[in-house]
Amino acid sequence: GINAEYGDYFFLFQMETNTIVNSLKKRFCTPILNLLKQGTSPETLSLSLSCGVACGIFPIPGLTSFVCLLAVYLFSLNVVAAQIANFIVTPLELALIIPFMRVGGWIFGVTESQPELSGLLQKVTSDFGAVIGVLWLSFLQAIFVWIIISPLLVFVLYKALLPLLTKLAPLQEQHVL
């Protein structure tokens with residue numbers, strides 16, 4: 001039947017899914033739970049994670065860590081939590097660059113020379129400096145959109161994460177040796 005025919009593929013898919021889940025647990029969940037065990041307040045952790053996500057989608061590749069560290073310094077956030085969130089959303093950052101540029105162009109009424117994804121990716125990998133030179137206005141418009149969206153994103157994520165982290169905090173305190 002179907003199980004005999006597709007069993008090997010299902011097993012490989014399940015193995016791959018388990019690897020991804022285990023990797024996320026190891027790289028994201030465990031460090032966050034450890035921060036709770038060490039006494040980081042749910043409020044600080046929630047704000048740090050929220051700001052890390054917002055900084056992680058900054059629309060200029062390569063600058064998210066700097067932006068994240070600046071936010072950590074300015075708002076006294078937890079560096080580990082903010083950077084974990086920053087790195088987790090890297091694929092989202094790359095996916096949002098063109099939409100941020102397009103929305104920025106729409107806000108400022110600039111529709112010519114809007115970048116196409118395929119061309120931008122090819123140029124970024126070959127000569128990043130040339131991309132910045134040609135698309136600096138699009139990047140500035142994307143940053144404008146990011147500046148508008150980020151506070152709302154931080155607020156929503158903070159409100160969503162706080163109850164979860166507040167519930168997890170007492171459970172982690174029970175596991176402290």
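Which residues is isoleucine 32 in contact with, leaving aside its neighbours within four places in sequence? I looked this up before anything else. Isoleucine 32 is in contact with Leu45, Leu49, Ala81, Ile84 and Leu165, where contact means heavy atoms within 4.5 Å.

**Entry: basis of the work**

I note that this is a predicted model, in which local features need pLDDT of at least 70 and side-chain atom pairs count only at pLDDT 80 or more, while totals for chains, interfaces and linings use all residues. Residues are numbered from 1 along each chain as its sequence is written, and side-chain values use heavy atoms, with hydrogens and water left out.

**Entry: overall make-up**

I found 7 helices and 0 strands in the protein. Helices (H or I, at least four residues) and strands (E, at least two) are DSSP runs, numbered from the N terminus. The order of elements from the N terminus is α-α-α-α-α-α-α.

I then looked up burial. Of the 177 residues, 34% count as buried; buried means under 20% relative accessible area, exposed over 50%, and partly exposed in between, with a 1.4 Å probe and protein chains only. The accessible surface comes to about 11300 Å², and 70% of this belongs to carbon and sulfur atoms. Such areas come from the Shrake-Rupley method with a 1.4 Å probe; for residues, only the protein chains shown count as cover. Among contacts with a separation of 6 or more, 71% are between residues 24 or more positions apart.

**Entry: the nonpolar core**

I recorded 35 residues in the largest nonpolar core, and Ile32, Leu45 and Leu49 have the most contacts inside it. A nonpolar core is a set of buried Ala, Val, Leu, Ile, Met, Phe, Trp, Tyr and Cys residues joined through side-chain atoms within 4.5 Å. At least two residues of this core come from each of α1 (2-37), α2 (42-56), α3 (64-75), α4 (79-88), α5 (90-108) and α7 (128-174). Helix α7 gives the most, with 9 residues. In soluble globular proteins, nonpolar side chains tend to be buried together.

**Entry: cysteines**

How many disulfides does a search of the whole structure find? I found 0, a disulfide being a pair of cysteine sulfur atoms within 2.5 Å. The cysteine sulfur closest to that of cysteine 55 is in cysteine 68, at 4.9 Å, which is too far for a bond. Cysteine 55 counts as buried at 7% relative accessibility, and cysteine 68 counts as buried at 1%.

**Entry: aromatic pairs**

I counted 2 aromatic pairs. Rings of Phe, Tyr and Trp (its six-membered ring) pair if their centres lie within 6.5 Å; planes under 30 degrees apart count as stacked, over 60 as edge-to-face and the rest as tilted.

Phenylalanine 58 and tryptophan 146 form an edge-to-face pair, 4.8 Å centre to centre with 90 degrees between the planes. Because phenylalanine 58 lies in the loop between α2 and α3 and tryptophan 146 in helix α7, this pair ties together parts that are 88 residues apart in sequence. Both phenylalanine 58 and tryptophan 146 are buried.

The ring centres of phenylalanine 108 and phenylalanine 144 are 5.0 Å apart and their planes are at 65 degrees, so this pair is also edge-to-face. Phenylalanine 108 lies in helix α5 and phenylalanine 144 in helix α7, so parts 36 residues apart in sequence are tied together. Phenylalanine 108 is partly exposed, with a relative accessible area of 46%, and phenylalanine 144 is partly exposed at 34%.

**Entry: the loop between α3 and α4**

Is asparagine 78 buried or exposed? I found asparagine 78 buried, with a relative accessible area of 16%; this residue is in the loop between α3 and α4. A polar atom of the asparagine 78 side chain lies 3.0 Å from the backbone nitrogen of valine 80. Not counting residues up to four places away in sequence, asparagine 78 touches Leu35, Thr40, Thr44, Ser48 and Val72.

Serine 76 is placed in the loop between α3 and α4 and is exposed, with a relative accessible area of 61%. Its phi is near 50 degrees, a positive value in a residue other than glycine. Most residues other than glycine have a negative phi.

**Entry: isoleucine 149**

Isoleucine 149 lies in helix α7 and is partly exposed, with a relative accessible area of 33%. I found isoleucine 149 and phenylalanine 100 to be 49 residues apart in sequence and 9.9 Å apart in space, C-alpha to C-alpha.

How values were computed. A polar contact is a pair of N or O atoms within 3.5 Å; within protein, one must be able to donate a hydrogen and the other to accept it, and residues adjacent in sequence count only if both atoms are side-chain atoms.
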